[in-house]
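Let's take a walk through this model, starting with its side-chain pairs and ending inside a helix. Keep the structure open as you read.

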Amino acid sequence: MATLPDYAELHCLSNYSFLRGASHVEELVGRARELGYGALAITEECSLASAPRAHLAGKAAGLPIIHGTELQLEDGPKIVLLVADGKGYAALSRLISRARQRAAKGQYRACLADLEGVGGCLAILLPRPGLDDGWLPGARGCVAALGSAAVWLGVELTPAGGGRWGAPAPSAGLG
């Protein structure tokens with residue numbers, strides 16, 4: 001019987017993402033462990049606020065935690081940035097601080113130019129369901145800023161009405 005490869009959820013919001021995520025970090029980590037995940041990425045919206053609790057919960061459960069954030073770029077696609085190393089954590093912290101400083105409290109403004117020099121992170125592009133090729137310039141901007149080896153195209157299952165789930169994102173040459 002064939003075995004499945006390790007699975008890691010790479011885009012997960014907790015209740016630290018106000019009005020979007022519902023579960024406590026400890027609950028997410030516990031459930032990921034129960035399901036046999038190889039790792040879990042906690043990716044709050046423009047925030048690393050859950051990182052300390054996620055780290056402790058992951059350590060207690062023996063589950064590797066990948067820190068990251070979700071950003072809707074003003075001039076590009078929605079992306080998830082995942083920290084690959086200490087340099088990436090510092091760069092991501094600076095990016096989040098800049099994006100938050102530009103906007104009113106509780107909001108952020110992030111753009112493609114913010115990605116310049118953000119090393120030590122991997123990016124997952126998240127095209128909206130049903131999106132046409134209009135998202136490609138922003139996606140190419142992400143590749144130009146981060147390098148083609150650090151940018152991946154994400155595919156998410158999303159409710160599509162009538163009880164069906166969305167189709168994979170359109171494919172296109174990005175780099």
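This is a predicted model: local features need pLDDT of at least 70, side-chain atom pairs count only at pLDDT 80 or more; totals for chains, interfaces and linings use all residues.

**Pairs, bridges and a covered helix**

There is one aromatic pair in the structure; rings of Phe, Tyr and Trp (its six-membered ring) pair if their centres lie within 6.5 Å, and planes under 30 degrees apart count as stacked, over 60 as edge-to-face and the rest as tilted. The partners are Tyr7 and Tyr37, and they sit edge-to-face, 4.8 Å centre to centre with 70° between the planes. Tyr7 is in the segment before β1 (8-9), while Tyr37 is in the loop between α1 (25-34) and β2 (39-45), so this pair ties together parts 30 residues apart in sequence. Those element names come from DSSP runs, numbered from the N terminus: helices are H or I with at least four residues, strands are E with at least two.

Residues are numbered from 1 along each chain as its sequence is written, and side-chain values use heavy atoms, with hydrogens and water left out.

Now for the charges. Side chains of opposite charge can pair when their charged atoms come close. Searching the whole structure turns up eight salt bridges, each being a side-chain nitrogen of Lys or Arg within 4 Å of a carboxyl oxygen of Asp or Glu. Take Arg20 and Glu70, whose side chains meet at 2.5 Å, N to O. Arg20 is in the loop between β1 and α1 and Glu70 is in strand β3 (residues 65-72), so the bridge ties together parts 50 residues apart in sequence. Arg20 is partly exposed at 39% relative accessibility, but Glu70 is buried at 1%. Both residues also belong to a network of salt bridges that links Arg20, Glu45, Glu70 and Lys78.

An α-helix has 3.6 residues a turn, so residues three or four places apart point the same way. Glu34 is exposed at 61%, and Arg31 is partly exposed at 47%.

Next, look for Asp114 and Arg102, which form a salt bridge at 2.6 Å, N to O. Both lie in the loop between α3 (86-101) and β5, so this pair ties together parts twelve residues apart in sequence. Asp114 is buried at 5%, and Arg102 is partly exposed at 34%.

Which parts does helix α4 pack against? Its buried residues pack against β4 (78-83), β5 (121-126) and β6 (151-153). The helix spans residues 136-146 and is mostly covered, with eight of its eleven residues buried; among them are Leu136, Val143 and Leu146. Cys142 is buried too, at 0% relative accessibility. Just after α4, Gly147 takes a positive phi of about 95°.

Cys121 is another buried cysteine, at 6%. As for disulfides, meaning a pair of cysteine sulfur atoms within 2.5 Å, the count is zero.

Key: Buried means under 20% relative accessible area, exposed over 50%, partly exposed in between (1.4 Å probe, protein chains only). Contact means heavy atoms within 4.5 Å.
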